[in-house]
Amino acid sequence: YLEESGGGLVQPGGSLRLSCVYSGNRFSLFDMAWYRQAPGKQRELVVVVKRSGSDSSTYYGDFVKGRFTMSSDGAKNAMYLQMNNLKPGDTAVYYCATTQFPLATQDLSTPNNYGFWGQGTQITVSS
């Protein structure tokens with residue numbers, strides 16, 4: 001249902017762009033997010049776009065600090081995560097996730113609230 005691509009090894013300060021293609025009826029999907037999970041750590045929210053009718057709101061994790069940008073292309077059934085100025089602390093498996101029901105704002109950062117997940121793509125930031 002969801003498939004990520006674009007991970008790999010990058011040097012500190014470098015950039016990567018992740019893609020997530022979703023199949024099925026995209027209009028049945030609501031909130032769309034990128035999460036990441038580093039070894040030994042809990043899965044954490046990178047960014048989420050919360051849809052509300054024709055409007056949407058984007059929320060980024062505090063650690064992003066303007067380095068990452070989420071976008072989407074409805075015609076391609078895809079969403080993207082552009083990551084710039086990558087740091088070793090960004091090393092993790094990155095996942096895209098979506099919901100079939102709108103989440104309350106306070107529930108956006110809880111992974112268990114997302115019903116659909118990709119398989120994940122590894123990003124390693126190292127010199």
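Tyr1 counts as partly exposed because its relative accessibility is 39% (buried means under 20% relative accessible area, exposed over 50%, partly exposed in between, with a 1.4 Å probe and protein chains only). This is a predicted model, where local features need pLDDT of at least 70 and side-chain atom pairs count only at pLDDT 80 or more, while totals for chains, interfaces and linings use all residues. Residues are numbered from 1 along each chain as its sequence is written, and side-chain values use heavy atoms, leaving out hydrogens and water.

Now for the rings. The whole structure has five aromatic pairs (Phe, Tyr or Trp rings, the six-membered one for Trp, with centres within 6.5 Å; planes under 30 degrees apart are stacked, over 60 edge-to-face, the rest tilted). Tyr1 and Phe116 are stacked, because their centres are 4.6 Å apart and their planes sit at 20°. Tyr1 comes before strand S1, Phe116 is in strand S10, and 115 residues separate them (strands are DSSP runs of E, at least two residues, numbered from the N terminus).

Tyr95 and Trp117 go edge-to-face, at 6.1 Å centre to centre and 80° between planes. Tyr95 is buried at 13% relative accessibility, whereas Trp117 is partly exposed at 24%.

Terms used:
Helix = DSSP H or I, 4+ residues; strand = E, 2+ residues; numbered from the N terminus.
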